[in-house]
Amino acid sequence: HRNPLFMAKSIATTDQLSGGRVTVGCGAGWMREEFEALNVPDFDARGRVTDEYIKVMLECWQNDRASFDGDFIRFEGVALDPKPVQRPHPPIWVGGESMPAIRRTAALGDGWYPFGSNPKFRMSTIDAFVARRDKLYAEAERIGRDPGSIELAYNCAFHSEEAQSNSDGGRLLFTGSAEQRAGDIVALADAGVTTMIVNLPTPDLNETLERVERFSVEVVPLL
């Protein structure tokens with residue numbers, strides 16, 4: 001959705017201002033209407049565009065005079081200063097659960113950031129997450145990359161203090177007792193996850209604060 005030269009400069013500036021604390025999240029998008037409304041490259045080409053735009057940002061961050069000759073953007077002799085604090089560049093986390101996203105992660109990403117509730121690739125159990133992780137690792141090995149060099153994150157779209165049923169009839173990940181939810185976190189950590197987003201917010205502020213408080217008091221001490 002955004003011009004990669006503009007994003008490369010913006011991210012570099014933010015990395016400078018934050019003292020090197022930026023993590024770059026990249027996703028190809030999923031809604032055709034967004035692409036049409038923004039008048040950006042065609043929706044059906046979004047995977048190739050995303051790959052190219054990531055390469056453009058890497059080129060700008062790592063070279064004094066950047067040049068690129070691609071299908072969607074071309075430029076020569078571009079200077080981008082100051083460079084990001086993080087060298088060779090801020091970490092790139094690739095979102096998505098499909099095989100194109102997994103291949104993109106293996107080829108260009110520093111981390112994989114799937115969302116647990118994608119209906120096409122629903123990772124609402126530990127086994128489902130591990131199965132997709134193993135596809136990522138296999139792709140990394142296929143292109144000669146160490147799978148251990150890819151950081152694993154997980155956006156947990158589920159959270160309930162009462163157990164809920166999964167589509168396979170088992171317990172939905174991150175629902176149930178404090179002990180069960182803490183166990184899910186441990187299991188994800190055992191699967192290699194180092195960063196996890198827990199979706200605690202509700203439409204009501206007071207209820208959200210209460211959920212955060214209960215999570216910190218009941219679940220966190222069990223980890």
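The protein is built from 7 helices and 7 strands, where helices (H or I, at least four residues) and strands (E, at least two) are DSSP runs numbered from the N terminus. Followed along the sequence, these elements come in the order α-β-α-α-β-β-β-α-β-α-β-α-β-α. This is a predicted model, in which local features need pLDDT of at least 70 and side-chain atom pairs count only at pLDDT 80 or more, while totals for chains, interfaces and linings use all residues. Residues are numbered from 1 along each chain as its sequence is written, and side-chain values use heavy atoms, with hydrogens and water left out.

As for overall dimensions, the C-alpha trace spans about 60 × 40 × 35 Å along its principal axes. Of the 223 residues, 41% count as buried; buried means under 20% relative accessible area, exposed over 50%, and partly exposed in between (1.4 Å probe, protein chains only). Among contacts (heavy atoms within 4.5 Å) with a separation of 6 or more, 56% come from residues 24 or more positions apart.

Next comes the largest pocket, which holds about 1200 Å³ of space. A pocket here is found on a 1 Å grid over the protein atoms alone, as an open set of points where a 1.4 Å probe fits, with protein on both sides within 12 Å along at least five of seven lines; lining residues have an atom within 4 Å of a point. Grid points are joined across faces, edges and corners, and the volume is the space filled by probe spheres set on the points. Of the 41 lining residues, Cys-26, Gly-27, Ala-28, Gly-29 and Thr-50 are the closest to the centre of the pocket. Helix 1 (4–17), strand 1 (24–26), helix 3 (46–62) and helix 4 (99–108) each supply at least two lining residues, with the largest share, 7 residues, coming from helix 3. Sorted by class, the lining has 22 nonpolar, 13 polar and 6 charged residues; Ala, Val, Leu, Ile, Met, Phe, Trp, Tyr, Cys and Pro count as nonpolar, Asp, Glu, Lys and Arg as charged, and the others, Gly among them, as polar.

On to the cysteines: the structure holds 0 disulfides, a disulfide being a pair of cysteine sulfur atoms within 2.5 Å. For Cys-26, the nearest cysteine sulfur is that of Cys-60, 14 Å away. Cys-26 is buried at 11% relative accessible area, and Cys-156 is buried too, at 0%.

His-159 sits in the loop between strand 6 (151–156) and helix 6 (178–190) and is buried, with a relative accessible area of 11%. Its side chain makes polar contacts (a pair of N or O atoms within 3.5 Å; within protein, one able to donate a hydrogen and the other to accept it, and residues adjacent in sequence count only if both atoms are side-chain atoms) with the side chains of Arg-181 (3.0 Å) and Arg-211 (2.7 Å). Leaving aside residues up to four places away in sequence, His-159 also touches others, including Phe-174, Val-198 and Phe-215.

Phe-174 lies in that loop between strand 6 and helix 6 as well. Phe-174 has a positive phi near 65° despite not being a glycine, and is buried at 0%. Asn-39, another non-glycine with a positive phi, about 55°, is found in the loop between helix 2 (32–38) and helix 3, and is exposed at 70%.

Finally, the peptide bond from Asp-81 to Pro-82 is cis, with omega near -5°, and a cis bond also joins Arg-87 and Pro-88, with omega about 5°. Pro-82 is in the loop between strand 3 (74–78) and strand 4 (92–95), and Pro-88 likewise falls between strand 3 and strand 4.
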